[in-house]
Amino acid sequence: MEQAQFDSLLQWFENFVKPYLETDEEGRRNILLKIVHTRKVCEAMALLCAGEGLSPEETRIASAVALLHDVGRFPQYRRWRTFRDSDSDNHARLAIDVIREEKLLSCLEQQEQLLIEEAVRFHNLLELPSQAQSLTRLYIKLIRDADKIDIWRVFSELLALPDTERASAATLGLADLPEVVSDGCINALANGSVVQLDSVRTLNDFKLLQISWVYDLNFASSRRLLLERGHIPALASYLPERDDIRAAVARALASLSDGRQ
Ligand SMILES: [Fe+2]
């Protein structure tokens, strides 16, 4: 991919998202959240690519993946008014529809098209697909980390806002019950594993799920960036003051500095 081809993708994105902002106040806030998220994932991706020593060519492909990974969010929200895939459709599949309808990658070599499409398609899987070929795996791993790095920012910022000013769809409709935390979610985090979305009942559980993503990072640069940005302590500051939660969070933080997964 040439730089000029990437630049025209960037321009396409800005034009594509504009009409989605023409909606009510709540809708605008949710759409804006995804526009800013996309730009910030692109920034995080650039840092990861530099940190991991990728070539300029690889960096452009990774940047295209970052730019396109969530384009499915816009039609998803317009049609269903939610970002919850289980109540609507898989947003990664919707992104592929957009990419193909808009013929965004048709000027690229077949191999590059395939890499970008596959990384977008699989960016939100619970686990890395084992059958993906090694080159695709690199981009899937990169986008999964870059995406998480920005989702941590989105949530830390969101939790600092009063309820009425939060982008409503970002919290997936979960109840904000300040003292309620599910044991299953604390246990998963305490055991060093990723909290599963289907065990999440409340907003506090969702914070634990996000903290547990430290166990699903692929690159040392991602762990470094996360530590520098301090998102884990920020998220944890919105959890109830309890010893079991404190210990589980401390373990997650320690795993980041150890470089353990
Ligand atoms: Fe994303």
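Trp12, Phe13, Phe16, Tyr20 and Phe74 form one aromatic cluster in this predicted model. Two rings pair here if their centres lie within 6.5 Å, counting the six-membered ring for Trp beside the rings of Phe and Tyr. Planes under 30 degrees apart make a pair stacked, planes over 60 degrees make it edge-to-face, and the rest are tilted. The count comes to 8 aromatic pairs by this rule.

One of them joins Trp12 and Phe16: the ring centres are 4.6 Å apart and the planes stand at 20 degrees, so this pair is stacked. Both residues lie in helix α1 (residues 3–17), 4 residues apart, about one turn of the helix. Helices are DSSP runs of H or I with at least four residues, numbered from the N terminus. An α-helix has 3.6 residues a turn, so residues three or four places apart point the same way. Trp12 and Phe16 are both buried. Buried means under 20% relative accessible area, exposed means over 50%, and partly exposed falls in between (1.4 Å probe, protein chains only).

A second pair is Phe155 with Phe206. Its ring centres are 5.3 Å apart and its planes are at 75 degrees, so it is edge-to-face. Phe155 belongs to helix α7 (residues 134–159) and Phe206 to helix α9 (residues 203–212), so the pair ties together parts 51 residues apart in sequence. Phe155 counts as buried at 6% relative accessibility. Phe206 is buried too, with a relative accessible area of 7%.

The test is NZ of Lys or CZ of Arg within 6 Å of the ring centre and within 35 degrees of the ring normal.

| Lysine | Ring | Distance from ring centre |
|---|---|---|
| Lys34 | Phe83 | 4.8 Å |
| Lys148 | Trp213 | 5.7 Å |

Next, the metal site. The iron ion has His37 (NE2), His69 (NE2), Asp70 (OD) and Asp147 (OD) as protein donors, lying 2.1 to 2.4 Å from it. Donors are N, O and S atoms within 2.8 Å of the metal (3.2 Å for Na, K and Ca); water is not among the atoms, so sites may look incomplete. Along the chain the donors follow the spacing H-x31-H-D-x76-D. His37 sits in helix α2 (residues 25–51) and Asp147 in helix α7, so this pair ties together parts that are 110 residues apart in sequence. His37 counts as buried at 2% relative accessibility, and Asp147 counts as buried at 9%.

Which geometry does the site of the iron ion have? It is irregular, with angles of 81 to 168 degrees among its 4 donor atoms. Four donors count as tetrahedral if all angles lie between 85 and 135 degrees; four count as square planar and six as octahedral if opposite donors are over 155 degrees apart and all others between 65 and 115; anything else is irregular.

Helix α9 comes next. 10 of the 10 residues of α9 are buried, so this helix is largely enclosed by the rest of the structure. The cover over its buried residues includes α7, α8 (183–190), α11 (231–236) and α12 (243–258).

Val194 is found in the loop between α8 and α9. At 26% relative accessibility, Val194 counts as partly exposed. Neighbours within four places in sequence aside, Val194 is in contact (heavy atoms within 4.5 Å) with Ser212, Trp213, Tyr215 and Asp216. Its C-alpha atom is separated by 24 Å from that of Thr38, 156 residues apart along the chain.

Residues are numbered from 1 along each chain as its sequence is written, and side-chain values use heavy atoms, with hydrogens and water left out. In this predicted model, local features need pLDDT of at least 70 and side-chain atom pairs count only at pLDDT 80 or more, while totals for chains, interfaces and linings use all residues.

Note on methods
Helix = DSSP H or I, 4+ residues; strand = E, 2+ residues; numbered from the N terminus.
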